[in-house]
Amino acid sequence: MAFLSDTLARVKPSPTIAVTNKARELKEAGRDVIGLGAGEPDFDTPDNIKQAAIAAIEAGKTKYTAVDGIPELKKAICAKFARENGLSYTPAQITVASGGKQVLYNALVATLNPGDEVIIPAPYWVSYPDMVLLAGGTPVFVTGEMEAGYKISPEALEAAITPKTKWFIFNSPSNPSGAAYSREELKALTDVLMRHPQVWVMSDDMYEHLVFGGFEFTTPAQVEPGLYDRTLTCNGVSKAYAMTGWRIGYAGGPEALIKAIGKVQSQSTSNPCSISQYAAVEALNGPQDYIAESRVAFERRRDLVVAALNTCPGISCPTPEGAFYVYPSIAGCLGKTSAGGAQITDDESFATALLEETGVAVVFGAAFGLSPNFRISYATSDAALTEACARIKAFCEGLK
Ligand SMILES: Cc1ncc(COP(=O)(O)O)c(C=O)c1O
């Protein structure tokens, strides 16, 4: 009898965490490493949020809470959805978990049966396919090519839908491409979904606030109210308020689904950290200045990185609408040999040689389901980004 489960054998560890660990190891060994792998803002959590957490500790808010969130936070989330997304949810339609990741995972566990298909646009956030597999479902990929701005077409979505399709996972702005769908582009997708009533929509709006150049963020249930009854609108405070370590994510959706998600949580982790929940109340209800400030910094960094990468021979980098990632193609580098003697046969060998020869850590595109590319997280200082891009340029110039 095998000790490890068959389910576990179907999933792989997160490649982004693997790159971050490898970069850390090299750093500890004394190498000069610039890590562009981790997807988290380099800014500190705003002070008003930290103070709310300290106040919660001092007030003794350190006990178990309701499994799927304290009433104050659910109320703040309802107000956020109404204010920012034009979506009306009652507290009974809200669930809170230990990070956006847990909301998505619990929702899949609560709903997938063997054979159920989940449509995932590629390039995708690394966790979607493995979470679907862990929950017993089957991922079905639809590719958004670079030439299409890494966005999928309504025709491709239509073609991927079968009677077994249970969910369509939608992520805009996207990790890893930064692509964000305009209202019109999203409406074209929701029109397709309206023709297939068995398909539910899991909208992962984690990067909602990181859109640039006046881009208008929209979410499926807002663009197509006809989908409201079969949409789970997922979000969290991790990226919007530089709170990745606090572990608070949330979702709004139909009450029966929200109850089912809470049932999974009640038999696994119980409530998310009580102190983090009070901090999240302040994040959502307090001053929102941080959001605009971070958006300005990220837009500047995006422009810096895109311009620098497009001067590297063999690399082509489109300008994404949002998030804090770029997803350049290395098609022009394939078949070459690096100055250090590495054969560049695919994006993984590119990323490995880049890390070993220049100390710049990026994540190779195969991890996200679209090659030959790599992902840069530009959520780091302008100085580190400038230096990293200079090293990438020298590496590309050294390819023969
Ligand atoms: C697209 C996307 N969704 C969800 C998450 C998870 O966020 P959290 O840290 O709140 O679990 C991430 C984090 O990297 C992400 O990139």
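Two residues are in contact if their C-beta atoms, placed from the backbone, lie within 7 Å. Axes are lines fitted to C-alpha atoms, for helices over the stretch in contact, and angles run from 0 to 180 degrees between N-to-C directions. Helices (H or I, at least four residues) and strands (E, at least two) are DSSP runs, numbered from the N terminus. The model is predicted: local features require pLDDT of at least 70, side-chain atom pairs count only at pLDDT 80 or more, and totals for chains, interfaces and linings use all residues. Residue numbering starts from 1 along each chain as its sequence is written.

On these terms, helix H10 (residues 255-266) lies across E2 and strand E7 (231-236). H10 runs at about 25 degrees to E2.

Both strands belong to an open sheet of seven strands, ordered E2-E8-E7-E6-E5-E3-E4, with mixed pairing. Two strands pair if DSSP finds at least two bridges between them. Strand E2 (94-97) and strand E4 (138-143) stand at the edges; each has a single partner strand, so one side of each is left without a neighbour in the sheet. From one strand to the next, the twist averages 20 degrees.

E2 pairs with strand E8 (residues 249-252) in the antiparallel sense, over four bridges. Here Ile-94 has Gly-252 of E8 as its bridge partner. E8 in turn runs antiparallel to E7, joined by four bridges. Asn-235 stands opposite Tyr-250 in E8. Strand E6 (residues 200-204) runs parallel to E7, again with four bridges. In that pair, Asp-204 stands opposite Cys-234.

E7 is mostly covered, with six of its six residues buried (20 or more other C-beta atoms within 10 Å of the residue's own, C-beta atoms being placed from the backbone). Thr-231, Thr-233 and Asn-235 point one way, and Leu-232, Cys-234 and Gly-236 the other. In a regular strand the side chains alternate between the two faces of the sheet.

A second open sheet has three strands in the order E9-E14-E13, with antiparallel pairing. Strand E9 (325-326) and strand E13 (363-364) stand at its edges, each with a single partner strand, so one side of each is left without a neighbour in the sheet. E13 and strand E14 (residues 374-377) share two bridges. Val-363 stands opposite Arg-375 in E14.

The ligand is surrounded by 13 residues (C-beta atom, placed from the backbone, within 6 Å of the molecule). The closest are Gly-99, Gly-100, Lys-101, Asn-175 and Ser-238.

Key
A residue is buried if 20 or more other C-beta atoms lie within 10 Å of its own, exposed if 12 or fewer, and partly exposed in between; C-beta atoms are placed from the backbone.
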